[in-house]
Amino acid sequence: MKVKLSVLLLSLVLLVSTLGGAAQTCANGDDTCTTNKDTQNQQAADPRRTITIDNISKYRADIHYDDGRFGKIIQTVPSKGGSPNPISTFVGHRFFVTMHGVREGLVDPTTDEQIFFTVGGDELNDKFIIPKEATTSKTRCKDRYPVCKKEAARGECTNNPGWMIVNCCQSCEEKEGYGHLIDSEVRCTRERLNATKAAFDVGSLDDLFTRWATEEAFVQYEPNVISSPGKTHGAEHDGPWILTFDSFVDDEEIEALLKGAEYGGFERSTDQGNVIASSGEKEKVVSTSRTSSNAWCRRECEIMPGVKRVSNRIEEITGIPQGNYESFQILKYEVGEFYRRHHDSSGKNKNMSGHRILTVFLYLNDVEEGGETAFTDLGISVRPKKGRALIWPSVLNDDPDSWDSRTYHEARAVVKGTKYAANHWIHQYDFRNANVWGCSGSFA
């Protein structure tokens, strides 16, 4: 948002410079003519402002520029006396405030109305305060944005139900009768979303990796078993399955994935925090354990032919439908960037889509030095190689609803060069429909 405001400011300065050019003389009786002196008087009422927003509430808050739709986040303000950097803006611009990491607005408890700040013409009143008593709304089903009614009218409550129910609940209740679905415990059940079929049964994991290691159909991808139970199939390590296909994606497909990342743009990687609302929203927080940048391959990206070929190939070799996949996450690691030890699932997974049962990790380039994927508890390290797929499970063969604590791993820091990669996380149950209905916490 700062970049957009800067561009707008530069355009205004250039316009003012143009208007203030050569001297102008007005003929007698010409009421339409404006002299330089008149223009200078008009310019004296400068619409530019620098404002600050101090936060004395108990909530860490996000400040959004009100663009007439869903707003553009421009900065985050610490709680209990936190002051952000000044904001360069213009008279008439409006800003609103939400809890950090989610879209739940902070309101005035006496009116239950969301807090807005409008920049006026008085330079003495360019400091705004989020009051101590600011809180979340008592009304569960309400519209967070004035544009909600228009969005509901054009069918977004059914096209994008999860996001709309949480952010435009009142309009979706009026249009579709969806108000009761603001409660995630009502909205997010496998039975309601017809997502009761599990991808893995007991024994499925061993069967799948054994097929990859032994069947002729997979030789074209150059399988290499790094770890397996009992060190079978040429594995160097006795442990959970870890396998690479050293020739899995081609140059055209890699180019498509990298091109697709440009649609969303690389941003500093974030994590999901705690569920902080009954609607199912999870706080989005900047990651402290990883310093990479990532882009999500959605919409324009995921329909690119090269990208579709890769996802179709993964579906073909795993036998697991793409509805269980999270969108491709495309990653970029510069020199010194890393992802500390972590696991792709968790001990007690209560998500509607279940555990992430498999990670399919694709290396999109060769890295001059560093950038290995290291399984920290197993003494295994896999170097990046262009076109290679690295695959491992996050669950147990004998109980695919329980995680495998042995597959902790890290992305080691890049020492020289840049590392590009992409991954699909595959879930035990349908993920795509759960995500559409706002049952994954991300409302993407």
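**A strand and its two partners**

Guide: Among the contacts in the protein chain that join residues at least 6 apart in sequence, 70% link residues at least 24 apart, a contact being heavy atoms within 4.5 Å. This is a predicted model, in which local features need pLDDT of at least 70 and side-chain atom pairs count only at pLDDT 80 or more, while totals for chains, interfaces and linings use all residues. Residues are numbered from 1 along each chain as its sequence is written, and side-chain values use heavy atoms, with hydrogens and water left out.

The protein chain holds 11 helices and 27 strands (DSSP runs numbered from the N terminus, helices being H or I of at least four residues and strands E of at least two). Of its 444 residues, 48% are buried, that is, under 20% relative accessible area with a 1.4 Å probe, protein chains only.

One of its partners is strand β27, residues 419–427, which runs antiparallel to β20 and is joined to it by seven bridges (two strands pair if DSSP finds at least two bridges between them). To find this pairing in the model, look for L362, which stands opposite A422 in β27. Strand β24, residues 389–393, also pairs with β20 in the antiparallel sense, here over five bridges, and in this pairing T359 stands opposite W392 in β24.

For a view of helices as well, turn to helix α9, residues 251–264, and helix α10, residues 305–318, whose axes come within 7 Å and cross at roughly 110° (axes are lines fitted to C-alpha atoms over the stretch in contact, with angles from 0 to 180 degrees between N-to-C directions). The two helices are therefore roughly perpendicular to each other, a description used for angles of 65 to 115 degrees. Where they meet, E252, E253, A256 and L257 in α9 touch G306, V307, R309, V310 and R313 in α10. The residues of this contact divide into four nonpolar, one polar and four charged, where Ala, Val, Leu, Ile, Met, Phe, Trp, Tyr, Cys and Pro count as nonpolar, Asp, Glu, Lys and Arg as charged, and the others, Gly among them, as polar.

How values were computed:
Parallel < 35°, antiparallel > 145°, perpendicular 65-115°, else oblique. Buried < 20%, exposed > 50% of the residue type's maximum accessible area, 1.4 Å probe, protein only.
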